[in-house]
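Visitor: I'd like a walk through this model, question by question. Could you put it up and start wherever you like?

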Amino acid sequence: MLVRTRLYRNGVLEKEGFPIEELSEHAPDRGNVVWLDLCRPSAAELIAVGSELGLHELAMEDALTDRQRPKVDVYDNHLFVTVYGVHMENGRLRPVEVNVFVTANALVTVRDSDAFDIDEVVRRWDTLSRLAGHGVTFLLHGLLDYVVDGQLDLVEELDAQAEALEESLYEGSPGDGRRLQRTMFDLRKNTTRVRKITMPMREVIGTLLHRDQDIVADPVMAPYYADVYDHVLRATEWVEGIREMLANVRETRLAQQGFRLDEIMKRITSWAAIIAVPTLITGFYGQNVPVPGTGQSWGLWASTVLVAITSVVLYSVFKKNDWL
């Protein structure tokens, strides 16, 4: 387990990197604000922390269970918040679950992976250190602000990919169809997963804003939470716009394939009609014209080679034009 700690007193950073064993000394003092970050803790380690802070057993059970829905659970003496940090890795969305326990004077973050950049959260706290006097409300805002901004940046990246995909419909060679379909599939899959993360965030931030919570009730910090909520709305609306764009791209692609199939069928039908006329005439009159090599073995081999070469040439032409 990786552990990071911080101690604020009267809005001033007093100590950081202290051992987790000192939590019992600092947490009971209401003048202190403690941050504890746990990365990949075991059940026993989390239970030990929970017993020190009086965390509910159901909240700790959720923290140890993967793939929770983004949410806010309200308990007697604390809140339990689940959010997801997001990033792209090799073209695929990699969400990182972050569970947060919020008490009157302590913030505990539990991460299932170090891919979540907790250092950036700390930098945001240091940048707005003038608000540190607002305690846990300040720390929770910095965390949520980083999470939502990361989601918004990812949505912007997906939007750029969708626009590039839309432009590529009328560019490139006919043989790029499979690559285009694969790109469309990956983009739709990533967008759907992002939507499952961003949509519930409206409820998370809305609960913190509008429900009467003594833990996060702070009129000074309310505008900062409202700003985070505005970013959440932008992200969700943007995701819906991307989904509509991808649906239009898919419909346009299907229409293009239908038009292209019609063009191919017209060409093949035209050539078939041209060939059918002499075939009809010669077949009606039963014409058998002697050809070179008739009655000789080399004639058989020559005609076989001619058929093979013609077949290969036709296959190559059809393949190049994406007819096969």
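**A walk through the model**

Guide: Let's start at Arg40, which sits in the loop between β3 and α2. A word on the ground rules: this is a predicted model, where local features need pLDDT of at least 70, side-chain atom pairs count only at pLDDT 80 or more, and totals for chains, interfaces and linings use all residues. Residues are numbered from 1 along each chain as its sequence is written, and side-chain values use heavy atoms, with hydrogens and water left out. Helices (H or I, at least four residues) and strands (E, at least two) are DSSP runs, numbered from the N terminus.

Visitor: Is Arg40 buried, partly exposed or exposed?
Guide: The cut-offs are under 20% relative accessible area for buried and over 50% for exposed, with partly exposed in between (1.4 Å probe, protein chains only). Arg40 has 43% relative accessibility, so Arg40 is partly exposed.

Visitor: What is the phi of Arg40?
Guide: Most residues other than glycine have a negative phi. Arg40 is not a glycine, yet its phi is positive, near 55°.

Visitor: Where is Arg67 found, and what is its phi?
Guide: Look in the loop between α3 and β4 for Arg67. Its relative accessible area is 80%, so Arg67 is exposed. Arg67 isn't a glycine either, and its phi is positive, about 65°.

Visitor: Which residues of helix α2 are buried, and which are exposed?
Guide: Helix α2 spans residues 43-53, and its buried residues are Leu46, Val49, Gly50 and Leu53. They cover an arc of only 100° around the axis (taken from the directions from the helix axis to the C-beta atoms), which puts them on the same side of α2. On the other side of α2, the exposed residues are Ala44 and Ser51.

Visitor: What do the buried residues of α2 pack against?
Guide: Contact here means heavy atoms within 4.5 Å. Just after the helix comes Gly54, with a positive phi of about 70°. As for packing, the buried residues of α2 meet α1 (23-26), β3 (32-39), α3 (57-63), β6 (92-102) and β7 (106-111).

Visitor: What is the strand order in the open sheet, and which strands stand at the edges?
Guide: Two strands pair if DSSP finds at least two bridges between them. The sheet has seven strands with mixed pairing, in the order β2-β1-β3-β7-β6-β5-β4. Neighbouring strands are turned by 20° against each other on average, direction ignored. Each edge strand has a single partner, so one side of it is left without a neighbour in the sheet: these are β2 (12-16) and β4 (71-74).

Visitor: How many bridges join β4 to β5, and what is the partner of Val74?
Guide: β4 and β5 (residues 79-89) run antiparallel, and four bridges join them. In β5, the bridge partner of Val74 is Leu79.

Visitor: At what angle does helix α4 run to β1?
Guide: Axes are lines fitted to C-alpha atoms, for helices over the stretch in contact, and angles run from 0 to 180 degrees between N-to-C directions. Helix α4 (residues 118-127) lies across β1 (2-9), β3 and β7, and its angle to β1 is about 10°.

Visitor: Is Leu131 buried or exposed, and which residues does it contact?
Guide: Leu131 has its place in the loop between α4 and α5. At 8% relative accessibility, Leu131 counts as buried. Leaving aside neighbours within four places in sequence, Leu131 is in contact with Phe138, Met221 and Tyr224.

Visitor: Which element has the highest mean pLDDT?
Guide: pLDDT is the predictor's confidence in each residue, from 0 to 100. The chain's mean is 85, and 91% of its residues reach 70 or more. Helix α8 (residues 297-320) has the lowest mean among the elements, 79, while the highest, 94, belongs to β7.
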